[in-house]
Amino acid sequence: MGYLLLILGVLLWSGAHLFKRIAPARREAMGASGRGLVAALSGVAIVLMVLGYRWAPVDVVWHTSGGMQHVNNLLMLLVFYLFAAAGMKTYITRWVRHPQLWGVRLWALAHLLVRGDLASVILFGGLFLWAQISVGFINRAEPYWQGEVKVVTGKEIGAALGAVLVMGAVGWIHGLIGPSPFGG
């Protein structure tokens with residue numbers, strides 16, 4: 001049952017987010033109600049993924065090393081920075097076209113370094129694949145891209161500081177509901 005919910009959650013998340021790219025005219029015709037639909041479907045998808053992941057058996061696909069936890073945490077700090085950079089248009093957005101989707105892909109890879117069970121492969125591998133497909137759709141629809149030209153140093157500091165603070169908060173919550181990313 002866990003695997004089924006997990007797969008359904010990943011597919012629902014992917015479908016809801018790719019709808020805009022697969023059927024842009026139909027999505028545009030939906031207007032603001034389309035955003036609400038995507039948000040609702042995303043919420044359901046998250047619930048399915050969380051329940052599916054928690055209920056799935058631990059079937060080891062590959063063995064992981066405890067030493068990779070530090071690499072995971074370093075990558076996760078970069079992930080939080082990339083999410084902040086996307087909204088704040090920091091220096092990295094001069095060179096990185098899709099910082100949030102890069103963040104999702106790094107998040108997925110970082111977690112696969114420390115989790116080698118089948119449920120993790122389905123969850124993190126599935127969301128990595130969704131992010132990769134999303135980048136392909138965006139690049140095909142909008143082939144010309146120019147990075148941010150005007151960047152404010154204060155936003156860079158805010159993004160870096162925000163990344164550290166949010167990572168700490170998420171790590172703390174992660175430790176309450178699952179394995180602590182900081183060990184212990």
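A pocket here is an open set of grid points with protein on both sides within 12 Å along at least five of seven lines. The legends below describe a predicted model.

**View 1. The largest pocket and its centre.** About 1,300 Å³ of space lies in this pocket. Its lining counts 39 residues. Nearest the centre of the largest pocket are Trp107, His111, Leu123, Phe124 and His174. By class, the lining of the largest pocket holds 27 nonpolar residues, nine polar and three charged.

**View 2. Helices around the largest pocket.** Five helices each supply at least two residues of its lining: H3 (32-55), H4 (68-88), H5 (99-114), H6 (118-141) and H7 (153-177). H4 gives the most to the lining of the largest pocket. Its share is seven residues.

**View 3. His111, a lining residue of the largest pocket.** His111 sits in helix H5 and is among the residues nearest the centre of the largest pocket. Is His111 buried or exposed? The relative accessibility of His111 is 11%, so it counts as buried, the limit for that class being under 20%. Neighbours within four places in sequence are left aside for its contacts. On that basis His111 touches Asn72, Met76, Phe124 and His174. Phe124 and His174 also belong to the group nearest the centre of the largest pocket.

**View 4. The second largest pocket.** This pocket holds about 750 Å³ of space. Its lining has 28 residues. Arg21, His98, Gln100, Leu101 and Ile138 lie nearest the centre of the second largest pocket. Helix H1 (2-22), H3, H4, H5 and H6 each give two or more residues to this lining. H1 provides the largest share, five residues. The lining of the second largest pocket is made up of 13 nonpolar, seven polar and eight charged residues.

**View 5. Helix H1, with a bend at Ala16.** H1 has 21 residues. From first C-alpha to last, H1 reaches 29 Å, close to the 30 Å expected at 1.5 Å a residue. H1 bends by about 30° at Ala16. Ala16 is also one of the buried residues of H1.

**View 6. Helix H3 and its packing.** H3 has 24 residues. It reaches 35 Å from its first C-alpha to its last, close to the 34 Å expected at 1.5 Å a residue. Which residues of H3 are buried? They are Gly34, Val38, Ser42, Ala45, Leu48, Met49 and Gly52. These buried residues pack against H1, helix H2 (24-30) and H6. H3 also contributes to the linings of the largest pocket and the second largest pocket.

**View 7. Met30 in helix H2.** Met30 belongs to helix H2. The relative accessibility of Met30 is 26%, so it counts as partly exposed. With neighbours within four places in sequence left aside, Met30 is in contact with Phe19 and Leu37.

**View 8. Gly67 in the loop between H3 and H4.** The loop between H3 and H4 carries Gly67. Gly67 is partly exposed because its relative accessible area is 46%, while exposed would need over 50%. Gly67 and Ala108 are 41 residues apart in sequence. In space, C-alpha to C-alpha, Gly67 and Ala108 are 18 Å apart.

Conventions
Residues are numbered from 1 along each chain as its sequence is written. This is a predicted model: local features need pLDDT of at least 70, side-chain atom pairs count only at pLDDT 80 or more; totals for chains, interfaces and linings use all residues. Side-chain values use heavy atoms; hydrogens and water are left out. On a 1 Å grid over the protein atoms alone, a cavity is a set of points where a 1.4 Å probe fits but cannot get out, and a pocket is an open set with protein on both sides within 12 Å along at least five of seven lines; lining residues have an atom within 4 Å of a point. Grid points are joined across faces, edges and corners, and a volume is the space filled by probe spheres set on the points. Helices (H or I, at least four residues) and strands (E, at least two) are DSSP runs, numbered from the N terminus. Ala, Val, Leu, Ile, Met, Phe, Trp, Tyr, Cys and Pro count as nonpolar, Asp, Glu, Lys and Arg as charged, and the others, Gly among them, as polar. The expected span of a helix is 1.5 Å times one less than its number of residues. Buried means under 20% relative accessible area, exposed over 50%, partly exposed in between (1.4 Å probe, protein chains only). Contact means heavy atoms within 4.5 Å. The bend at a residue is the angle between axes fitted to the seven residues ending there and the seven starting there.
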